[in-house]
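I want to look up a few residues and then the ligand site.

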Amino acid sequence: MPKDPEIAAHPHGPGHVAIIMDGNGRWAQARGRPRLFGHHAGARRVREVVEACPALGVKYLTIFAFSTENWKRTQVEVAGLMSLFRRYIAKEMQAIAVNNVRVRFIGDRVRLDTKLIALMDQLEVQTEGNTGTQLTIALNYGGRDEVARATKRLAQDVADGKLRPEDVDEETLPKYLDTCVLPDPDLVIRTSGEARISNFLLWQSAYAEYEFIDTLWPDFTAEELSRLCQSYGARDRRFGAVKA
Ligand code: FPP
């Protein structure tokens, strides 16, 4: 029995939820605090959401932590976020992983610092055998960048004679994406009232259902996730077909 009666799986709830965690800056600003204060509050929210997943029947959770465009922020904010990720992965994620959570990272690691990359690698290896919630953290991730990197690798395989151009189709290309081992997201949530997808999981979300909600990320709760999963369960997904 789940602890909280409001948190329960819908029989047709989403198996894979992806979240664009937006609104940390505005949350901090509303309190007269620096933006990083909001990012720290946002990071604390992640645990509650990850821990709610099993009761909601959400097997895969993918969260957008840092985009390829986020480097355009001030040096102070970028450095603060990188330091937050390092600390978070080293400490908080250990606590999360105890509950059989498997953690993966997607995105381009090239621009990240070596200490952060080492922590990411370590957490991936450490949680490799975990069979509970499959948590994917998108860090220095951009959908277009991912498709470009995938295409580069695919082109190399063609050049090396491992793949024939005529065999490239909708089944082949996703095998080169960072998400190759994950199912497509069923539900994509964006917090903070912005109705954009901001380069998140472009290929993978072709048939996802979207929820754009006003809540700022640091205020997002497991109850709200539960409500969105219930509402998803009531939707009729046809994938372009006509209902029989
Ligand atoms: C968007 O809010 C949020 C981010 C760019 C960073 C997301 C990071 C976290 C929630 C923290 C930690 C996550 C992990 C996995 C450790 P914003 O700054 O764009 O807010 P604004 O639109 O109000 O300015």
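I checked Gln-204 and got a relative accessible area of 4%, so I log Gln-204 as buried (buried is under 20% relative accessible area, exposed over 50%, partly exposed in between, with a 1.4 Å probe and protein chains only). This is a predicted model, where local features need pLDDT of at least 70, side-chain atom pairs count only at pLDDT 80 or more, and totals for chains, interfaces and linings use all residues. Residues are numbered from 1 along each chain as its sequence is written, and side-chain values use heavy atoms, with hydrogens and water left out.

Gln-204 lies in the loop between strand S5 (187-190) and strand S6 (209-212); helices (H or I, at least four residues) and strands (E, at least two) are DSSP runs numbered from the N terminus. I found a polar contact of 2.7 Å between the side chains of Gln-204 and Thr-179. A polar contact here is a pair of N or O atoms within 3.5 Å; within protein, one must be able to donate a hydrogen and the other to accept it, and residues adjacent in sequence count only if both atoms are side-chain atoms.

Next, Ser-231, which sits in helix H6 (residues 222-233). I noted 31% relative accessibility, so Ser-231 goes down as partly exposed.

Then I looked at Glu-51 in helix H2. Buried or exposed, or in between, for Glu-51? Partly exposed, because its relative accessibility is 40%. I also took the C-alpha separation of Glu-51 and Ala-30: 28 Å, for residues 21 apart along the chain.

Now the ligand. I list 18 residues around it, the closest being Asp-22, Gly-25, Arg-26, Arg-35 and Arg-73 (a residue is near if one of its heavy atoms lies within 4 Å). How far is a ligand oxygen atom from a polar backbone atom of Arg-26? I get 2.7 Å. For a polar backbone atom of Gly-25 the distance to a ligand oxygen is 3.0 Å, and a polar side-chain atom of Asp-22 also lies 3.0 Å from a ligand oxygen.

By element, H1 (24-29), H2 (35-56), S2 (60-67) and H3 (75-97) each supply at least two residues of the shell. H2 gives the most, with four.
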